[in-house]
Amino acid sequence: MNQVHHIATRLLDFPMEIILDILSHLDVHDLVRARRVCNDIRQAIDSSSELLYSMDLEYFNATPVPSIPGSDYSIPTLRKSLLQSESAWQKAEYSKRNPIAIPHPPSMHQWSCGVLGFPVESLQQIMFFQPQLADGHSNTINLRQWSCQLDSAAALRLVHYNFSVAEDLVTLVFRAPSGRSHAYDVIFRSLSEDKVHREAAFPSVKALDNEVDLELLDPYTLRSSILGDYYGVLFRNVNKANGGVADCLQIWNWKSKDTFQCLEVFDPACKTMNFSSLTNERILVVNARELLLYSLVHAPNALQLTAKFSLPALHSPFEYACIGFSPIPSHACAHNQMIALSMDISGGSLTKNPCFTSYVERNTLLQLESTYVSCYGKATEDSPNLPWSSWGPNHTRSFEESSFDPCKHSVIGFRTASLVGNQNSKRPLCIRDFNPHRVVDFKAGNGTKWNQRLVEGGEILPNSNLFLEPLGSGLPYLETTTEEKFLSTDMTMEVNRVTLLSFEVMNAIRMPNAGGQSFVEHELMQGFEVLDFE
């Protein structure tokens with residue numbers, strides 16, 4: 001103890017500027033430990049907005065706000081904004097903006113960072129809409145809109161699209177013209193400039209080249225994912241050129257001049273359903289039996305299987321009909337992130353498919369990769385799975401939810417948001433915070449609890465008619481629910497905002513052209529409803 005005190009005393013002999021410079025080289029965990037050395041060092045750390053902001057970012061699992069010219073982005077301002085936003089989430093307090101109508105009814109829509117995109121066939125465009133605040137003191141929303149133009153011939157061949165605001169990228173998948181040796185053309189365009197992306201190594205790449213029977217393609221079995229330098233497409237139920245059927249996952253490094261790409265072929269009997277990029281180097285694939293973790297760096301132009309995790313076992317004759325992931329934001333690469341795994345179940349005499357959502361931390365799956373190797377060695381197609389009982393109950397949290405409900409499991413970092421209740425009526429917004437730091441402080445009585453409640457422990461027993469194993473209950477969380485209720489068909493979540501795709505039924509009186517009685521026609525008006533947690 002005397003030695004520690006002696007070191008602290010010698011450190012404090014330096015001017016404060018030098019002390020803070022030395023402390024700035026510590027990571028957040030060491031800063032927390034340094035605050036416990038003595039009052040003088042604690043006061044030195046607490047006097048620095050930069051050090052406190054870095055600790056807050058780690059505590060809340062947040063990402064630094066990118067600078068915008070003309071805005072006040074001083075460290076004290078950023079820290080104040082972060083703390084205010086976190087307080088608003090904890091209290092479920094938000095400012096609500098006046099809804100604004102969408103000029104075209106969205107169909108086949110997708111979200112990315114608060115931007116809604118969907119094709120408008122009549123205009124031969126993919127339209128993008130982003131609600132923006134008119135000013136800081138107004139409830140008015142401005143609707144920014146732009147488009148990706150398609151020529152008439154290309155529009156007829158478009159079978160899939162995706163986009164990423166973080167990468168300023170739109171990906172377009174077209175059926176290849178007849179006579180070509182490949183099935184699809186993949187185009188990389190800029191989201192903001194509607195031209196070939198300036199970082200794309202090539203404006204387009206070929207998909208399923210010499211791999212499939214081009215006469216038997218099904219364009220409605222595509223899934224895609226964008227994260228950083230990689231873009232991947234899962235083609236399901238592909239008729240191979242040499243006979244048989246397979247599921248194919250093709251991935252490109254769209255920025256690489258080396259045209260890195262890999263093609264993984266799966267047995268259709270496994271019923272490969274979806275995939276997601278966990279990091280810029282790890283891919284998670286799910287089929288009807290298991291989760292498969294792949295590496296993009298261990299083998300050139302190939303996916304390397306690194307771990308296999310079982311899903312909770314089902315009673316016969318039930319099976320997983322559809323499994324999906326919550327999208328992982330590109331900025332989550334350097335931070336931990338909750339992943340929502342939604343599992344629809346079918347079979348037997350079920351009249352409605354039940355759905356169960358299990359949340360798991362992204363970093364947990366990456367850490368379990370080492371556990372798998374320790375238990376079974378190098379993963380292969382024939383190696384066993386890490387049983388659900390060894391990882392699921394203690395590392396996940398499961399909920400039973402309505403199937404086909406887009407207003408569930410929006411995720412940013414450790415926070416999730418869902419509308420809960422009957423989909424045909426107005427529903428409250430339920431906010432769950434899985435942040436382990438906040439859970440520990442809440443249990444210790446640190447800070448104000450507001451109207452949050454702690455949910456922890458308690459084994460979630462399986463539905464005796466469906467599951468053979470207990471579902472996950474290992475992740476404690478804080479939950480709060482809004483008093484206000486909302487009517488929405490879809491939603492997305494950002495760092496400090498929830499955007500609802502709301503709708504209203506409008507009654508319009510119509511007059512017939514040639515006499516007769518007037519009649520009332522019901523019109524569905526859709527628009528954005530924005531909740532700002534600031």
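## Overall make-up

The model is predicted. The protein has 10 helices and 30 strands. It contains 534 residues, and 49% of them are buried.

Contacts between residues at least 6 apart in sequence were sorted by separation. Of these, 56% join residues at least 24 apart.

## Helix 5 against helix 6

Helix 5 spans residues 49–59, and helix 6 spans residues 75–91. Their axes come within 9 Å and cross at roughly 30°. Angles under 35 degrees count as roughly parallel, so helix 5 and helix 6 are roughly parallel to each other. Their crossing is left-handed.

Helix 5 brings S49, E50, L52, Y53, D56 and L57 to the contact. Helix 6 brings I75, P76, L78, R79, L82 and L83. By class, the residues of this contact are eight nonpolar, one polar and three charged.

The peptide bond from S316 to P317 is cis. Its omega is near 15°. P317 sits in the loop between strand 18 and strand 19. Strand 18 covers residues 304–310, and strand 19 covers residues 319–325.

## Positive phi at C113

C113 is a residue other than glycine with a positive phi, near 50°. Its place is the loop between strand 3 (110–112) and strand 4 (115–120).

The relative accessible area of C113 is 36%. Buried means under 20%, and exposed means over 50%. C113 is therefore partly exposed.

## Positive phi at L208

L208 also has a positive phi without being glycine; the value is near 55°. L208 is found in strand 10, which runs over residues 204–209.

The relative accessibility of L208 is 1%. The cut-off for buried is under 20%, so L208 counts as buried.

C113 lies in a loop, whereas L208 lies in a strand. C113 is partly exposed, whereas L208 is buried. Phi is near 50° at C113 and near 55° at L208.

Technical notes: Residues are numbered from 1 along each chain as its sequence is written. This is a predicted model: local features need pLDDT of at least 70, side-chain atom pairs count only at pLDDT 80 or more; totals for chains, interfaces and linings use all residues. Side-chain values use heavy atoms; hydrogens and water are left out. Helices (H or I, at least four residues) and strands (E, at least two) are DSSP runs, numbered from the N terminus. Buried means under 20% relative accessible area, exposed over 50%, partly exposed in between (1.4 Å probe, protein chains only). Contact means heavy atoms within 4.5 Å. Axes are lines fitted to C-alpha atoms, for helices over the stretch in contact, and angles run from 0 to 180 degrees between N-to-C directions. Angles under 35 degrees count as roughly parallel, over 145 as roughly antiparallel, 65 to 115 as roughly perpendicular and the rest as oblique. A crossing is left-handed if the near helix is turned anticlockwise from the far one by less than a right angle, and right-handed if clockwise. Ala, Val, Leu, Ile, Met, Phe, Trp, Tyr, Cys and Pro count as nonpolar, Asp, Glu, Lys and Arg as charged, and the others, Gly among them, as polar.
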